[in-house]
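Subject: Structure handover and notes

Hello,

Please find the structure below. My notes on it follow.

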Amino acid sequence: MDLYRLNLKHKSKERYGLKYSRSSSKWKFLALVFVAEFSFHVLCYTEKAPNFSFIHEATSAPTVSSYDYIIIGGGAAGCPLAATLSTGDANVLVLERGGSPYVNTTKIRIENFISTLTDTSPDSFSQAFISEDGVLNNRARALGGGTVINVGFYSRAEPLFLKQTGLDEALADDSYKWVEKKLVYRPVVLQWQSAVRNALLEVGVLPDNGFTYDHINGTKTGGTILDVNGNRHTAADLLEYANSRRITVYLHAVVHKIIFTEAKVGSRPKAEGVIFYDANGEKHMAYLKNDSRSEIILSAGAIGSPQLLMLSGIGPSTLLQELGVKVVLNQTMVGKDMGDNPSNGLIIPSPLPIELSLPEIVGIIKFGSYVESVSGFDFSALTVGGAQSLANDVTTILNQGRKSYMAMTNLGNIRETIFGPISKGYLELQSANASDNPKVRFNYFQAPDDLRKCVQGMKTVIDVVNSKSFSIFRYRNTTTQDLLQMVVSMPVNLRPKHPNSTMSLEKFCIDTVMTIWHYHGGCRVGKVVDQDYKVLGVDSLRVIDASTFIFSPGTNPQATVMMLGRYMGRRILQSRRR
């Protein structure tokens with residue numbers, strides 16, 4: 001019997017209070033029969049991706065409906081959370097503002113990573129925004145959330161993160177494994193990624209930790225949500241765990257606000273429903289059932305969750321009133337402590353054909369930075385200037401004296417990203433329209449220690465590129481200064497440039513910073529939500545996603561965001577059964 005069935009057996013025993021002694025064979029037999037029957041029925045109601053009968057366009061939703069749990073956001077946290085909650089006795093609604101990754105799976109294959117990420121058409125999986133720092137960014141809008149458009153690297157959080165957030169290590173470990181069973185693969189490491197791994201070891205990023213999901217200082221091969229054929233497996237696949245009779249998912253359902261009861265004297269506001277609109281602009285209302293255990297759960301991500309709290313009247317009262325938003329609770333910490341891990345690196349033209357690869361190897365460095373690499377993509381779409389700008393830069397560096405380069409995909413990118421970060425920014429509403437991006441500033445490198453880590457990280461990147469292990473992918477006539485100059489001359493962001501920034505790694509870091517899409521904060525634990533992720537000052541409302549994080553866990557947060565959805569789903573079910 002697989003782990004899932006064993007888990008259902010364990011949960012079923014807890015739920016129905018089946019207590020029996022080892023010596024009581026009668027009760028043991030009856031319990032086993034009952035649990036087996038219950039497990040059989042639950043498993044009969046599970047479905048396989050992409051053939052989910054419970055996923056619908058929001059245009060088919062009733063005008064008014066009611067559920068035990070309403071989850072806003074079917075992303076990396078929302079999908080595992082919903083799947084878990086549906087295995088109990090509650091009815092679950094998921095409202096996802098984007099579409100389904102199953103409609104066109106070609107878009108989420110490895111070769112289409114950059115084109116899908118940078119596609120900003122109205123029904124794309126990615127919504128672009130530019131932070132107040134002048135850095136190009138993207139936020140997901142698809143069932144599966146960031147797992148639909150990210151680089152796919154899977155690595156667990158460091159023990160410090162679990163300790164600081166107060167998560168039970170055993171339950172967290174079990175929740176990670178639940179995710180890994182469905183989604184995660186060991187990558188087949190080919191020539192480029194092998195060279196990066198060997199170069200990291202050569203320059204002292206030790207020890208060699210082999211293949212592991214754990215966050216350990218040194219060089220390792222991590223997991224990936226891309227299989228050996230280049231197919232992406234997203235958090236939406238975790239809905240295979242769901243009880244199809246207890247869950248409803250609506251796509252292109254844009255939530256405009258959470259509805260609260262009018263607070264009486266001596267009482268707190270209570271979340272009671274949501275207003276959402278479908279793709280045709282029709283209004284729908286979903287309410288919580290009249291049960292004290294029913295809840296609305298925000299899982300709209302680090303950008304969407306604080307934005308929706310504000311649109312619903314929970315936030316800094318002065319700013320809300322300026323936009324005509326009725327204040328439910330003056331909560332000045334909503335939207336504060338926004339973070340994104342700044343990333344800088346080099347693009348390396350290769351004299352050899354190189355494989356198409358997303359990060360598979362990571363060097364985790366003790367001073368607080370980590371190094372990853374991608375290869376074989378046309379990176380021009382990630383710049384402001386586009387293809388011709390990058391082609392001209394590469395041609396100039398190689399002194400080939402012609403307008404075209406032999407292959408824009410014969411490029412690799414090695415980047416360093418800092419842990420944390422210490423620098424924090426803010427998120428504010430720009431309008432009362434839920435479809436508009438809010439104003440976001442991350443304050444990259446505001447803290448001197450962040451800048452110091454970037455400089456040290458870039459020194460490691462340079463050492464890797466100049467190493468013997470990596471030499472087969474270097475043109476002999478290109479120098480480190482050439483590579484630095486190529487990045488500086490590329491319009492990777494909209495920030496003003498320092499003169500001679502190639503002569504100073506501090507200036508280089510500031511001038512060429514890019515996002516790594518690891519947004520977090522805005523609904524911090526202890527400031528906006530409590531240790532159980534319940535929103536402070538109101539009832540029947542939680543936030544469960546990366547907006548609650550004080551820093552981005554591990555090297556890539558998707559593993560921990562999905563784990564948290566599963567983890568909190570189990571915690572909520574446990575409390576529901578009491």
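Which residues in H6 meet which residues in H14? On the H6 side they are Leu171, Ala172, Asp174, Ser175, Tyr176, Trp178, Val179 and Leu183, and on the H14 side Ala559, Thr560, Met562, Met563, Arg566, Tyr567, Arg570 and Arg571. Contact here means heavy atoms within 4.5 Å. By class, this contact has 10 nonpolar, two polar and four charged residues. Ala, Val, Leu, Ile, Met, Phe, Trp, Tyr, Cys and Pro count as nonpolar, Asp, Glu, Lys and Arg as charged, and the others, Gly among them, as polar.

Some conventions before the rest. This is a predicted model, in which local features need pLDDT of at least 70 and side-chain atom pairs count only at pLDDT 80 or more, while totals for chains, interfaces and linings use all residues. Residues are numbered from 1 along each chain as its sequence is written, and side-chain values use heavy atoms, with hydrogens and water left out.

Overall

The protein has 14 helices and 25 strands (DSSP runs numbered from the N terminus, helices being H or I with at least four residues and strands E with at least two). Of its 578 residues, 60% are buried (buried is under 20% relative accessible area, exposed over 50%, partly exposed in between, with a 1.4 Å probe and protein chains only). Among contacts with a separation of 6 or more, 73% are between residues 24 or more positions apart.

Helix pairs

Two packed helices are described by the angle and the distance between their axes. The axes are lines fitted to C-alpha atoms over the stretch in contact, and angles run from 0 to 180 degrees between N-to-C directions.

The axes of H6 (residues 169–183) and H14 (residues 558–576) come within 8 Å and cross at roughly 120°. This crossing of H6 and H14 is right-handed (a crossing is left-handed if the near helix is turned anticlockwise from the far one by less than a right angle, and right-handed if clockwise).

For H12 (residues 480–489) and H13 (residues 505–512), the axes come within 10 Å and cross at roughly 35°, and the crossing is left-handed. Leu484, Val487 and Val488 in H12 meet Leu505, Phe508 and Thr512 in H13. The residues of this contact divide into five nonpolar, one polar and no charged.

H14 also holds Leu564, which is buried at a relative accessible area of 1%. Leaving out residues up to four places away in sequence, Leu564 touches Leu167, Tyr533, Ile544, Asp545, Thr548 and Phe549. Leu564 and Leu167 are 397 residues apart in sequence and 9.1 Å apart in space, C-alpha to C-alpha.

Salt bridges and a polar contact

The structure holds 20 salt bridges (a side-chain nitrogen of Lys or Arg within 4 Å of a carboxyl oxygen of Asp or Glu). One of them joins Asp68 and Arg576, with the closest N and O atoms 3.7 Å apart. Asp68 lies in the loop between E2 (64–67) and E3 (69–72) and Arg576 in H14, so the pair ties together parts that are 508 residues apart in sequence. Both Asp68 and Arg576 are buried.

Arg524 and Asp337 form another salt bridge, at 3.1 Å from N to O. Arg524 is in the loop between H13 and E25 (541–543) and Asp337 in E18 (residues 336–338), 187 residues apart. Arg524 is buried at 13% relative accessible area, and Asp337 is buried at 16%.

Asp449 and Arg452 also form a salt bridge, with the closest N and O atoms 2.5 Å apart. These two are three residues apart in H11 (residues 448–465), and therefore separated by about one helical turn. Asp449 is partly exposed at 27%, as is Arg452 at 37%. Elsewhere, salt bridges that share partners join Asp68, Asp89, Lys289 and Arg576 into one network.

Asn150, in the loop between E6 (136–140) and E7 (153–154), makes a side-chain polar contact with the side chain of Gln558 at 2.9 Å. A polar contact is a pair of N or O atoms within 3.5 Å; within protein, one must be able to donate a hydrogen and the other to accept it, and residues adjacent in sequence count only if both atoms are side-chain atoms.

Backbone

The Ala49 to Pro50 peptide bond is cis, with omega near 5°. The bond joining Leu206 and Pro207 is cis, with omega about 0°.

Regards
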